[in-house]
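Dear colleague,

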Amino acid sequence: LIDVYNAVQTKALMGVTGDGIVEPTILGSASFGSVPVINSRVTHTETKTVTIQDISGQGGTYNLSIANNRYLEVNGISASTSTSSVTVPANGSATFSVSANVNGDLVRDVTSNIEMQFYVVARNAGASLRMPFYMQLTPTVPQGGSMLQRLNETGSILVGDDNSMLVEGVDSQS
């Protein structure tokens, strides 16, 4: 739900900045997009720079925190800010970084996507700002392949007289 009164009375804006022509001047949400990291056995980090822009002429110091919406409680998934607070000058702005981290060695054996969602919360005496973030975690896929693709090939393999294994774990058949 939108709190219209507090939206009109806000003292600052928080978001990802754009050029004001092709992209909005400040966009109040961010997406890291789809990231193939599940079962990857590596830690993957995505980072966005966030701006708090004063529109009240008062400025202030904002304490920053992360609020879970979906999947931050899963071992191996986390989000963080680069600092615990920022000071915004009157009619000015301040920036900080927000990172989403996924340890693909801990987030394993998942065959479907995980839609990671969280908020960055910025609070001071006169304002409380919340900015939603999203990242879709997908299973990794071998290079040039598809997870759902099955090989069904036919053909002939010449076998020597000893009928030994062609490849470890695969026996020849007649």
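The predictor states its confidence in each residue as pLDDT, on a scale from 0 to 100. For this chain the mean pLDDT is 83, and 80% of the residues reach 70 or more. The model is a predicted one, in which local features need pLDDT of at least 70 and side-chain atom pairs count only at pLDDT 80 or more, while totals for chains, interfaces and linings use all residues. Residues are numbered from 1 along each chain as its sequence is written, and side-chain values use heavy atoms, with hydrogens and water left out.

Helices (H or I, at least four residues) and strands (E, at least two) are DSSP runs, numbered from the N terminus. Confidence is lowest in helix α1, residues 4–8, with a mean of 80, and highest in strand β7, residues 85–88, with 97. Over residues 147–151 pLDDT stays under 50, and the model has 4 contacts for them beyond four places in sequence; a contact means heavy atoms within 4.5 Å.

The largest pocket has a volume of about 490 Å³, a volume being the space filled by probe spheres set on the points. Its lining comprises 18 residues, of which N6, A7, T10, S128 and L129 are the closest to the centre. Strand β10 supplies the largest share of that lining, 5 residues, and α1, β1 (12–17) and β10 (127–139) each supply at least two.

The structure holds 2 salt bridges, each defined as a side-chain nitrogen of Lys or Arg within 4 Å of a carboxyl oxygen of Asp or Glu. One joins R41 and D105 at 3.1 Å, N to O. R41 lies in the loop between β3 (30–38) and β4 (43–54) and D105 in the loop between β8 (93–103) and β9 (114–124), 64 residues apart. R41 is exposed at 55% relative accessibility, whereas D105 is partly exposed at 35% (buried is under 20% relative accessible area, exposed over 50%, partly exposed in between, with a 1.4 Å probe and protein chains only).

The other joins R70 and E115 at 3.7 Å, N to O. Because R70 is in strand β5 (residues 60–70) and E115 in strand β9, this pair ties together parts 45 residues apart in sequence. R70 is partly exposed at 34%, and E115 is partly exposed at 30%.

With kind regards

Methods:
1 Å grid on protein atoms, 1.4 Å probe; cavity = no way out; pocket = protein on both sides within 12 Å on 5 of 7 lines; lining within 4 Å.
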